Amino acid sequence: MEPRVILFTGKGGVGKTTIAAATAIKTSSIGYKTLVISTDPAHSLADSFSKELKPYPTRIEENLYGMEVNVEYELEKHWNTIKEYLTFFFKSQGIEDIVAEELAIFPGFDELASLLHLLNFYERGEYEVLILDCAPTGETLRLLSVPEVAKWYMNRFFGIERKVLKLVKPIADSLIDVPLPSEEVLDKIQELYVRIGKLKNILESERTTVRIVMNPEKMVIRESERAFTYLNLFGYQVDCLIVNKVFPQDSGKFLSRWVEIQQDYLSEIRERFPLPVFVVPFKETEIVGEKLYELAEEIYNGEDPTKVFYREKPIKISKENDETVISIKVPFISKEDLKILKKGGELIIIAKQWKRIISLPQSIAAKEPLGAKYINGELKIRFGVKNERG
Ligand SMILES: Nc1ncnc2c1ncn2[C@@H]1O[C@H](COP(=O)(O)OP(=O)(O)OP(=O)(O)O)[C@@H](O)[C@H]1O
Ligand SMILES: [Mg+2]
């Protein structure tokens with residue numbers, strides 16, 4: 001069986017690390033061999049478990065392992081060849097030494113390194129549950145769009161067919177002043193390209209879900225809505241919301257107004273999101289050790305956290321008469337902020353500052369977009385054969 005992958009994201013400080021750690025303790029105690037990976041450069045997973053974590057799986061207790069990704073370590077270990085070439089490439093373009101070194105780290109390179117870890121452990125099949133404690137929302141969204149962007153970018157940058165490049169190289173080397181990548185670099189790039197493709201498949205798989213951790217506060221709700229919009233747009237399945245730090249009803253007179261405000265926000269959350277909502281009370285003490293297990297019981301009401309609590313594909317393709325319709329969930333956005341473009345075999349959707357490039361299946365790529373509608377948070381684009389006479 002493929003591993004179950006659960007990603008935790010949310011605004012800064014809402015409780016992602018705590019909830020991820022609690023979830024992992026629960027899944028490992030059920031008997032699933034679990035690995036928690038912290039991708040946030042400001043690691044605090046180790047504090048949650050009160051245990052030092054290495055940049056590779058470190059045993060915490062039976063069935064439970066944790067690690068904190070260290071980007072420099074990654075770069076040294078896996079990326080040297082490509083990095084050297086890029087540095088060389090930029091230098092040949094007259095870009096100064098130090099800058100070249102920095103440029104050699106692609107945008108989103110560090111995030112990509114973390115995600116490729118996920119792929120490694122996924123493929124090894126050693127763990128049954130892989131939990132990712134992600135950086136705050138904005139960075140996570142960037143991270144999750146990296147596989148797609150990187151794939152596109154690499155296609156453009158190194159898009160020449162391997163064989164052609166090999167043939168051209170001896171001639172090209174003397175004609176142009178751009179150093180072409182060596183055989184070794186090409187192999188690495190090719191390999192990376194394939195791995196990014198696989199990573200995308202895992203992230204979009206039925207056994208991978210994202211959980212948004214939030215607090216009942218206005219700004220946090222808005223940010224969570226944006227996160228939900230983009231996660232949908234990128235085709236990632238969100239299966240529940242975890243509303244953390246909710247004051248219990250009997251919090252006393254001093255907090256009574258807060259209790260009311262929070263309850264109002266909770267209702268708002270339940271109304272606006274089409275997702276199961278798990279409520280986690282605010283605790284009086286720090287949540288570490290034993291307390292993490294108790295917290296997990298409260299979060300999931302004793303249920304198995306590996307359950308997929310909500311399933312609806314964010315992107316669907318259907319047939320309507322002789323037209324093909326692509327439906328994409330992009331809730332909480334206004335129509336004016338949506339732009340759609342079709343370029344050859346690619347469908348480009350721009351939702352505010354986010355851009356999604358969807359490679360269309362052959363059957364649709366050949367067709368023309370006939371129209372688009374945005375209803376109830378869902379974008380529907382119709383494709384078919386254009387009738388010249390109307
Ligand atoms: N339900 C809760 N009750 C009381 N305190 C909590 C609760 N959940 C988390 N905390 C505390 O809130 C603080 C932030 O939690 P945590 O580190 O899990 O958040 P985070 O979302 O991972 O933060 P960051 O964005 O910095 O990674 C910690 O001190 C944690 O102990
Ligand atoms: Mg954290």
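1. A contact here means heavy atoms within 4.5 Å. That cut-off decides which strands helix α1 (residues 16-30) is said to lie across: β1, β2 (34-38), β4 (64-68), β5 (129-133), β6, β7 (238-246) and β8. The helix runs at about 170 degrees to β5. Please keep in mind that this is a predicted model.

2. Overall make-up. The protein has 13 helices and 15 strands. It counts 390 residues, and 49% of them are buried. Take the contacts between residues at least 6 apart in sequence: 72% of them join residues at least 24 apart.

3. The eight-stranded sheet. This sheet is open, and its pairing is mixed. The strand order reads β3-β4-β2-β5-β1-β6-β7-β8. β3 (58-61) and β8 (277-281) each have a single partner strand, so they stand at the edges with one side lacking a neighbour in the sheet. From one strand to the next, the twist averages 25 degrees.

4. Inside that sheet. Strand β1 (residues 4-10) and strand β6 (residues 208-214) run parallel and are joined by six bridges. Within this pair, T9 stands opposite I212 of β6. Helix α12 (residues 290-299) also packs on the sheet, where it touches β7 and β8. The direction of α12 makes about 140 degrees with that of β8.

5. R4 deserves a look. The residue is found in strand β1. Is R4 buried or exposed? Its relative accessible area is 2%, and the cut-off for buried is under 20%, so R4 is buried. The side chains of R4 and T209 are joined by a polar contact of 3.0 Å. Leaving aside residues up to four places away in sequence, R4 touches a list of residues that includes E128, V129, L130, R207, D239 and K307. R4 and I131 are 127 residues apart along the chain, yet their C-alpha atoms are separated by 8.3 Å.

6. D47 gives a contrast. This residue lies in helix α2 (residues 45-49). With a relative accessible area of 55%, D47 is exposed.

7. Ligand 1. Which residues come nearest to ligand 1? There are 15 residues around the ligand, and K16, T17, T18, N244 and K283 come nearest. The side chain of K16 places an N or O atom 2.8 Å from an oxygen atom of ligand 1. The side chain of N244 has an N or O atom 2.8 Å from a nitrogen atom of the ligand. P281 uses its backbone: an N or O atom there lies 3.0 Å from a nitrogen atom of ligand 1. Taken alone, the ligand exposes 640 Å², and the protein buries 75% of that.

8. Strands of a sheet pair through backbone hydrogen bonds, either parallel or antiparallel. Strand β9 (residues 315-320) and β10 run antiparallel, joined by six bridges. K316 has S327 in β10 as its bridge partner. Two residues sit between the strands of this hairpin, and N321 takes a positive phi near 55 degrees. β10 also pairs with strand β15 (residues 378-384), again in the antiparallel sense and over six bridges. On that side, the bridge partner of S327 is K380 in β15. Strand β10 (residues 323-329) is mostly covered, with five of its seven residues buried.

9. Strand β11 (residues 338-343) runs antiparallel to β12, and six bridges join them. Here I340 stands opposite I349 of β12. The hairpin of β11 and β12 has two residues between the strands, with G344 at a positive phi near 55 degrees. Six bridges also join β12 to strand β13 (residues 354-359), and these two run antiparallel. In this pair I350 stands opposite K355 of β13. β12 and β13 form a hairpin too, with two residues between them; K352 in the turn has a positive phi of about 55 degrees. Strand β12 (residues 346-351) is mostly covered: five of its six residues are buried.

Terms used
Residues numbered from 1 in each chain as written. Chains lettered and ligands numbered in written order. Predicted model: local features only at pLDDT ≥ 70, side-chain atom pairs only at ≥ 80, totals over all residues. Heavy atoms only, no water. Helix = DSSP H or I, 4+ residues; strand = E, 2+ residues; numbered from the N terminus. Buried < 20%, exposed > 50% of the residue type's maximum accessible area, 1.4 Å probe, protein only. Pairing = 2+ DSSP bridges. Axes fitted to C-alpha atoms, helices over the stretch in contact; angles between N-to-C directions. Near = heavy atom within 4 Å. Polar contact = N/O pair within 3.5 Å; in protein donor to acceptor, adjacent residues only side chain to side chain. Areas by Shrake-Rupley, 256 points an atom, 1.4 Å probe, with all protein chains shown as cover.
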